[in-house]
Amino acid sequence: MSMIDLGRDRLTYVALGDSFTEGVGDPAVREPGEGTDAQAAADGGLYRGWADRFAEHLAAHIPEVHYANLAVRGKLLRQVLADQMPAALAMRPDLVTLCAGGNDLLRPGADPDLLAAQLERAVRRLRDQGCDVVLFTGVNIASGFMRVLLGRFARYYLNVRSIADRTGSVLVDQWSMSVLRDPRAWESDRLHMSAEGHRRVALRVCDTLGVPTVERWDEPWPAADPVDWRTARSADARWVGQFLLPWVGRRLSGRSSGDGVQPKRPDPTEVRSLPV
Amino acid sequence: MSGFAFDRDGVLSYVALGDSFSEGLSDPYPDSAETPHGHFRGWADRLAERLADEVRELRYANLAVRGRLARQIVTEQVPRAEQLQPDLVTLAAGGNDILRPGGDPDQIATIVDQGISRLRATGAHVVLFTGIDPEFQPVMRPLRGKIAVYNMHLRAIADAHDCSVVDLWAMRVLGDARAWSWDRLHHSSEGHRRIALRVCEVLGVDPGADWREPWPESPQVAWADARRADARWAREFLVPWIGRRLTGRSSGDGVSPKRPDLAPLRVSG
């Protein structure tokens, strides 16, 4: 399968994964009186993200789209598979997006081949059930602190591509999306995408699956103000204090950003289409 | 990735571009020992033989030469392929670049991308190859990440230009020592045979056998024998290879393409 059948009346879509699929970095727009985004984030957070956006695009073409999102930030691949897969299989979805492994790869000693083998078993279970599966590679982070891990990530992504080939799954290749290498596609934590990044990913998923959209994922960014060296370095220092050190602290103490966080949309519920 | 369609009652032309991998090292023909620089069959000749069974006439050229870098393949072989206007092109390039210290996968991919654009502009169906995962090869293991980055670029190039991909990275069966010649850098005849089967599969041509077929049980190699083999390999292959790199020479200096023109392939036997 490479294109989704838009002639159908009804589609059940389940999103599985970690913070990327949960939508961290892309706060949900809240109704007046519902509190602030910051407060919502502190409460466990309500994020929109590329998966919600993609579901909305689907709903613009298919009368009934039922959508569940079981993704939870910080989850390792084995947690995604253990916590989210049984529920997903029980929903008998038509379409599943599955993106996980990034949190594993950031840890010392991570093995991209072992991770890929776990992922492939899960994909085969979904495919055996007749479900269409969408897999993802990640952005080619050719600069910054991720550079040293690039080869490890590339090995995992390459394995994911091979899995997609072997299982007849759809592959969304973020690696080749050079628009996502712009800092504006990322949050200040440099680990999660901004709302704009999520918007473009959703458009790319639509493009890959043949869902028509008005906007384009590869639209060039507007010209950016050049950032002077001092501002860039003070931003680096803020990032180390606000994000890197707490992240290292969580790793050392065995905690996760997702501890106690529940899936934001645990059951398939109908999606309202985007107002055109 | 679109399928490869061809007319069984017509003429099919095929051009192989690349380095030693596509030239066919080390899958020697019986006359190889008596031929200057050797005479190799390789997966590309094997693929051509298989294709010749499928069509009225197969015309085949192989411009690949051992040791060639991506830039040489794109500047020397691609223009010739453009003149030949074949229906099918296979291109495997970048391996020699990646092995060099400082070889930059981003730069190599940019060069290959230019070559692919030109080939696709002729209307040819193009087949690309990812590089092998050297997990089984201790000397090369540190290059895994670099090869993976290059492969990710290659796969994106294949997507962008609608090329077929032979994903050698995923062919775990090639991790067996029996898929390799003694120099540990080139495939054995059996390795080439399996790769040819895989290329057939990708092109939608019945390969007639399964490239995944498990290797027969192999006798355990004694530790001392394994170390002797390591020493021989280092002496006879690794040291000369490093020497060539240091002096800017290549194994392909003075070697010409084995099959420079499109000519009908006659299948013996």
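Modeller: The model before us is predicted. In it, helix α2 (residues 42-54) of chain B lies across β1, β2 and β3 (88-92) of chain B and runs at about 170° to β2(B). Helix α7 (residues 189-203) of chain B lies across β4 (125-129) and β5 of chain B, at about 155° to β5(B).

Biologist: In what order do the six strands of the open sheet in chain B lie?

Modeller: The order is β5-β4-β3-β1-β2-β6, and the pairing is mixed. An edge strand pairs on one side only, as β5 (164-166) and β6 (259-264) of chain B do. From one strand to the next, the twist averages 15°. Within this sheet, strand β1 (residues 11-18) of chain B pairs with β2 (residues 57-62) of chain B in the parallel sense, over six bridges.

Biologist: Turning to chain A, why is strand β1 described as largely enclosed by the rest of the structure?

Modeller: Burial is judged by counting neighbours: a residue is buried if 20 or more other C-beta atoms lie within 10 Å of its own. Strand β1 (residues 10-17) of chain A is largely enclosed because six of its eight residues are buried. β1(A) pairs in the parallel sense with strand β2 (residues 64-69) of chain A over six bridges, and A:Arg10 has A:Glu64 as its bridge partner in β2(A). Five bridges also join β1(A) to strand β3 (residues 95-99) of chain A, again running parallel; there A:Ala15 is partnered by A:Thr97.

Biologist: How many residues does each chain bring to the contact?

Modeller: Chain A gives 13 residues and chain B gives 13 residues. On the side of chain A, the largest share, ten residues, comes from helix α7 (residues 150-167). By class, that side has five nonpolar, three polar and five charged residues.

Biologist: At what angle does α7(A) pack against helix α6 of chain B?

Modeller: Two packed helices are described by the angle between their axes and the distance between the axes. Here α7(A) and helix α6 (residues 144-161) of chain B pack at about 50°, with axes 8 Å apart. The helix α7(A) is therefore oblique to α6(B), and the crossing is left-handed. Among the residues making this contact are A:Leu150, A:Tyr157 and A:Arg161 of α7(A), with B:Arg144, B:Met152 and B:Arg155 of α6(B). The residues of this contact divide into seven nonpolar, three polar and six charged.

Conventions:
Residues numbered from 1 in each chain as written. Chains lettered and ligands numbered in written order. Predicted model: local features only at pLDDT ≥ 70, side-chain atom pairs only at ≥ 80, totals over all residues. Contact = placed C-beta atoms within 7 Å. Helix = DSSP H or I, 4+ residues; strand = E, 2+ residues; numbered from the N terminus. Nonpolar A, V, L, I, M, F, W, Y, C, P; charged D, E, K, R; others polar. Buried ≥ 20, exposed ≤ 12 C-beta atoms within 10 Å, placed from the backbone. Pairing = 2+ DSSP bridges. Axes fitted to C-alpha atoms, helices over the stretch in contact; angles between N-to-C directions. Parallel < 35°, antiparallel > 145°, perpendicular 65-115°, else oblique. Left-handed = near helix turned anticlockwise from the far one by under 90°.
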